[in-house]
Amino acid sequence: MSGTRRLALAGGTIYANPDDDPIRDGVLLIEDGKIAAAGSRSALEIPQTFRRLDCSGRTITAGFWNSHVHFFERKWANAAEIPAPELARQLADMLTRYGFTSVFDTGSEWRNTRRLRDRIEAGEAPGPRIRSTGEGIVPPGALPPDLVLHMMGAMKFPAPEAADDAQAAAAARRLLEEGVDGIKLFASSPRTAPLPQSAIQAAAAEAHRAEKPVFVHANSGADVLTAVRGGVDIVAHTTPHSGPWDETTLTEMQQRQVALTPTLTLWKYYARHDRFSTQQQVVETALGQLRAWLRLGGTVLFGTDLGAVEYDPGEEYSLMAAAGMTFRQILASLTTTPARQFGDENRLGRIAAGFDADLVVLKGDPSAEIPALARVECTLRAGQVIYPLAGSPAGC
Ligand SMILES: [Zn+2]
């Protein structure tokens with residue numbers, strides 16, 4: 001990690017937020033971890049005391065959010081014991097090399113993930129801001145067998161089970177008392193009875209009393225409808241295996257103002273052993289669900305189920321574009337939308353004076369070429385370079 005109190009990013013194209021035209025040949029001044037000013041080079045002088053970083057030919061945006069990740073791979077087990085350099089390497093590989101400065105972990109061992117976060121916040125290893133739901137609440141017997149977890153590369157840890165309203169409320173309360181940032185519910189499982197709508201409602205009420213968001217893992221359109229009626233805030237997946245979402249489901253999602261993390265790449269990845277025509281059909285159905293949601297003006301949060309898929313988000317960006325999202329809509333799903341969804345809209349998600357200097361410097365121009373969103377030159381969190389770990393040719 002390298003950093004300086006005063007830093008100037010000079011010469012890049014700055015997307016201060018997805019709604020405004022970019023500032024070409026821009027200057028961005030960072031002081032004490034905050035954005036001091038941003039403007040065109042002709043209008044904004046760089047004071048002598050600022051270290052200068054040449055960003056010509058680069059694009060600068062606010063730091064990205066991935067609103068669906070998991071710290072449940074075996075590599076994160078015993079987070080307290082992982083040597084700091086190895087921890088830094090793993091965080092860079094999974095997150096900061098792709099510009100993620102904020103993540104929402106929607107299912108992992110809370111005690112362990114909290115330890116991981118504490119180490120990042122203590123400055124032991126550079127990494128993103130982490131929010132976590134801790135363990136997801138599941139219907140009884142819903143957890144996959146140990147062998148499946150092992151093949152997925154996942155740590156083995158128990159999840160709270162709930163069959164009825166009282167159990168769901170108690171499980172949510174316990175997690176909230178332990179300090180989680182949200183609640184994750186699994187609406188159903190292939191092996192057991194689904195969580196009743198009233199149980200979803202009971203858990204959601206506990207979370208909302210604590211002003212925390214509720215995520216749902218839904219396996220079908222029917223699950224989505226039940227969960228949305230139960231009061232969840234974020235639908236954590238599209239559900240291509242149950243076919244297109246019907247009008248009732250889409251309308252209720254819209255009326256209740258839920259947000260969606262599409263996780264499109266996940267379906268392609270899970271279908272990779274199937275025949276090509278099956279793969280195409282699964283992906284096309286997921287794209288159709290996202291398209292239908294966009295037509296209603298639905299809220300989209302970028303999220304990939306990271307930890308269950310390959311780390312590179314490039315394919316997810318391309319699939320979102322294939323569903324009709326423009327560069328600016330994708331950028332919003334990575335920045336302003338999650339900042340608003342999770343209550344950080346006054347300090348994160350945009351490039352504005354006084355905001356935390358969480359930034360991504362991209363090689364090239366993602367407005368012309370979507371995959372450039374995954375080509376990160378450097379990532380800054382609160383004005384500190386957190387990727388690359390050992391500096392970059394550009395001088396990061
Ligand atoms: Zn997930």
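Three strands line up in the order β7-β8-β9 to form an open sheet with parallel pairing. The edge strands of this sheet are β7 and β9 (129-132), each of which pairs on one side only. From one strand to the next, the twist averages 15°, taken between axes that are lines fitted to C-alpha atoms, for helices over the stretch in contact, with angles from 0 to 180 degrees between N-to-C directions. Strands here are DSSP runs of E with at least two residues, helices are runs of H or I with at least four, and both are numbered from the N terminus; two strands pair if DSSP finds at least two bridges between them. The model is predicted, with local features needing pLDDT of at least 70 and side-chain atom pairs counting only at pLDDT 80 or more, while totals for chains, interfaces and linings use all residues. Residues are numbered from 1 along each chain as its sequence is written, and side-chain values use heavy atoms, with hydrogens and water left out.

Within the sheet, β7 and β8 (residues 100-105) are joined in the parallel sense by four bridges, and N66 stands opposite V103 in β8.

A zinc ion is coordinated by H68 (NE2), H70 (NE2) and D305 (OD), at 2.0 to 2.3 Å. Donors are N, O and S atoms within 2.8 Å of the metal (3.2 Å for Na, K and Ca), and the site may look incomplete because water is not among the atoms. Along the chain, the zinc donors follow the spacing H-x1-H-x234-D. Distant parts of the chain are linked in this way: H70 lies in the loop between β7 (64-69) and α1 (84-94), and D305 in the loop between β14 (299-300) and α10 (314-322), 235 residues apart. Both H70 and D305 are buried, meaning under 20% relative accessible area, where exposed is over 50% and partly exposed lies in between (1.4 Å probe, protein chains only).

Another part of the fold to explore is strand β16. All six of the six residues in β16 (376-381) are buried. Strand β15 (residues 359-363) runs antiparallel to β16, with four bridges between them, and V360 has T379 in β16 as its bridge partner. Three bridges join β16 to β17 (residues 384-387), again antiparallel, with R381 standing opposite Q384 in β17. The strands β16 and β17 form a hairpin with two residues between them, and A382 in the turn has a positive phi of about 45°.
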